[in-house]
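This briefing covers the structure shown below. The points are grouped by topic and can be read alongside the coordinates.

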Amino acid sequence: METKDRKVGLAIFGLGRAGSIHFKNIIANYRTPLKWIVEDDLDKAHRAVKKYFLDETRVADSKDITPVLEDNSVDAVVVCTPTHTHEQIVRAALKAGKSVFCEKPIAGTIESTQSCYDDAEKFNKALYCAFNRRFDPAVRNVYQRVKADEIGQVQQIKTISRDAPLPPLSYLKISGGIFHDCIVHDLDMICWIVGETPSTVYAQAHCFNADIAAMDDVDTVAVVLKFPCGALGQIDISRHAVYGYDQRLEVFGSKGMLETSNTRPCEVSSHGNAGTKQDNIHASFEQRYDHSYKLELEHFLDVVTGVESRCEITRHDTMQASMLAEACEQSYRQGKPIKIVDGKMVYS
Ligand SMILES: NC(=O)c1ccc[n+]([C@@H]2O[C@H](COP(=O)([O-])OP(=O)(O)OC[C@H]3O[C@@H](n4cnc5c(N)ncnc54)[C@H](O)[C@@H]3O)[C@@H](O)[C@H]2O)c1
C-alpha cells in the first residue's frame with residue numbers, strides 16, 4: 001500500500017531541543033505510531049510518555065538499543081541526539097533495515113557522512129538529512145519563483161541567520177562549531193536556490209563571547225560565495241541576537257528581487273499616539289520554523305511509504321553542504337579564499 005494511510009512505526013532518539021519538536025509532531029500525526037523513545041536521560045523519556053498518555057510507547061536506554069532495532073514494528077528512526085552520536089545510531093538503524101530521519105548534520109566529518117550514505121545504499125533504505133528550512137513555506141515559495149524565472153538571472157543571494165536565544169554552553173561544546181552546526185543550513189538553502197555548487201568560498205569570523213572563544217569556536221561569521229553562473233552569495237551569521245530569532249533571505253536577479261521577512265507570533269500592527277506597535281519576532285527556531293518541521297516529517301513519511309519516489313535532500317546535497325561548511329571553516333582559519341573544483345576543496 002503506497003498511500004498516505006500507511007502507518008510508519010517510529011523510534012525517536014533524543015528528546016532535547018530538536019527532539020522535542022519532532023516528538024510533538026510525531027505524536028500529533030496519525031501516520032506515525034511512536035513505538036520507542038531512546039534517551040540517555042530515562043526520566044525525561046518516562047515523563048514524556050506519562051505526560052502525553054503514550055500507552056503504546058516504550059522507553060529504551062541508549063546503552064542498549066537492540067530491542068528497538070529488533071522490533072519489526074519500527075519502520076524508521078528519527079535521530080535527534082548530539083551530532084557526534086549520529087553516525088553510530090544511523091548506521092546501526094540502517095543495518096537493522098530501518099529508514100532514517102537524521103537531524104543535521106548527518107555526521108561530524110565528511111568521511112563519516114559518506115559512510116552513512118554508503119550504508120543507506122547498501123541496505124536500500126531512505127536516509128533523510130533534516131535541512132528543514134527548505135520546507136519553510138516562504139523559503140520554498142522563493143525557490144519556486146526563482147525556478148519559474150520570475151526574477152531572471154540570480155545575481156546576489158543573501159541570508160541573515162542570527163540565533164536566539166544563545167544555545168546552552170553544554171550544547172555549544174559538542175555542536176561541531178558554528179560552520180557545521182549553523183552555516184550548513186544557509187549553505188544548503190543557497191545552493192538549492194541557485195542550483196549550483198560555488199566555485200569559491202571566503203569566510204571572515206570573530207568571537208565576541210569569551211566562553212565560546214575558549215572552545216576555539218566563533219560566534220559571528222560573514223561568508224562570501226562565488227558561483228560558476230556569476231551569482232554572489234552572502235551569509236551573515238550570529239550565535240546570538242538579543243531581539244529574537246532573526247532569519248531573512250533575499251534573492252536579487254536581473255528582473256527583480258524576492259525577500260522574506262521575519263515572522264511574529266501575531267502579525268497585526270497597531271498605530272496610535274504612542275507610535276506603532278507589533279509583536280517581537282519569534283523567539284527561536286521552534287516557533288519560526290514550526291511549519292517546516294511538520295512538512296519535512298510528512299516528506300520523509302512520503303518517501304518511506306513510496307508516495308514520493310525520491311528524497312528531497314539527496315546524498316549529493318548533504319555531502320555538498322558538509323564540504324562547503326568545512327571549506328568555510330578552513331577559509332576562516334587559513335585567512336584565504338578556498339576554491340572548489342569538482343565538488344572538492346582545493347588547497348593552494
Ligand atoms: N534543524 C534544526 O532546526 C535543529 C535545531 C537544533 C538542533 N538540531 C540538531 O539536533 C541535534 C540535537 O541537538 P539538540 O539541540 O536537540 O541537543 P540537546 O542537547 O538539546 O538534546 C540532545 C538529547 O539527546 C539525548 N542523548 C544524548 N546522547 C544520546 C544517545 N546516544 N541516545 C539517545 N539520546 C541521547 C540527551 O539526553 C538530550 O536529551 C544536533 O545534531 C543538532 O545539530 C537541529
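## Briefing

D216 sits in the loop that runs between helix 9 (210–213) and strand 9. The model is a predicted one. The protein is divided into two domains, domain 1 (10–130) and domain 2 (134–290 + 320–346).

**Residues with positive phi**

- D216 is not a glycine, yet its phi is positive, at about 60 degrees.
- D216 counts as exposed because 9 other C-beta atoms lie within 10 Å, and the cut-off for exposed is 12 or fewer.
- F53, also a residue other than glycine, has a positive phi near 50 degrees.
- The loop between helix 2 (42–51) and strand 3 holds F53.
- F53 has 8 C-beta neighbours inside 10 Å and so counts as exposed.

**Cis peptide bonds**

- K104 and P105 are joined by a cis peptide bond, with omega near -15 degrees.
- P105 belongs to the loop between strand 5 and helix 5.
- A cis bond also leads from A164 to P165, with omega near -15 degrees.
- P165 is placed in the loop between strand 7 and helix 7 (169–173).

- Six strands form an open sheet in the order 3-2-1-4-5-6, and their pairing is parallel.
- Strand 3 (58–61) and strand 6 (127–130) are the edge strands; each has a single partner strand, so one side of each has no neighbour in the sheet.
- On average, neighbouring strands of this sheet are turned by 20 degrees against each other, direction ignored.
- Strand 4 (residues 76–79) and strand 5 (residues 99–103) run parallel and are joined by four bridges.
- V78 has F101 of strand 5 as its bridge partner.

- Another open sheet has eight strands in the order 12-11-7-10-9-8-15-16, with mixed pairing.
- Its edges are strand 12 (256–260) and strand 16 (344–346); each has a single partner strand, so one side of each is left without a neighbour in the sheet.
- From one strand to the next, the twist averages 15 degrees.
- Two bridges pair strand 8 (residues 200–206) with strand 15 (residues 338–341) in the antiparallel sense.
- V201 has I338 of strand 15 as its bridge partner.
- Helix 6 (residues 137–147) lies across strand 7 (154–162), strand 11 (246–253) and strand 12, and runs at about 165 degrees to strand 12.
- Helix 12 lies across strand 8, strand 9 (220–226), strand 15 and strand 16, and runs at about 55 degrees to strand 8.

**H316 in helix 12**

- Helix 12 (residues 315–334) contains H316.
- H316 has 11 other C-beta atoms within 10 Å and is therefore exposed.
- R264 and H316 are 52 residues apart along the chain, and their C-alpha atoms are separated by 34 Å.

**The two domains**

- The C-alpha centres of domain 1 and domain 2 are 27 Å apart.
- Contact between the domains involves nine residues of domain 1 and 10 residues of domain 2.
- On the side of domain 1 that touches domain 2, helix 4 and helix 5 (110–122) each supply at least two residues.
- That side of domain 1 has four nonpolar, four polar and one charged residues.

**The ligand shell**

- There are 24 residues around the ligand, and G14, G16, A18, S62 and E103 come nearest.
- At least three residues of the shell come from each of domain 1 and domain 2.
- Helix 1 (17–27), strand 2 (34–39) and helix 4 (83–95) each contribute at least two residues to the shell around the ligand.
- Helix 1 gives the largest share of the shell, with three residues.
- Sorted by class, the shell around the ligand has nine nonpolar, eight polar and seven charged residues.

Conventions: Residues numbered from 1 in each chain as written. Predicted model: local features only at pLDDT ≥ 70, side-chain atom pairs only at ≥ 80, totals over all residues. Near = placed C-beta within 6 Å. Nonpolar A, V, L, I, M, F, W, Y, C, P; charged D, E, K, R; others polar. Domains from an automatic or database assignment. Contact = placed C-beta atoms within 7 Å. Pairing = 2+ DSSP bridges. Axes fitted to C-alpha atoms, helices over the stretch in contact; angles between N-to-C directions. Buried ≥ 20, exposed ≤ 12 C-beta atoms within 10 Å, placed from the backbone.
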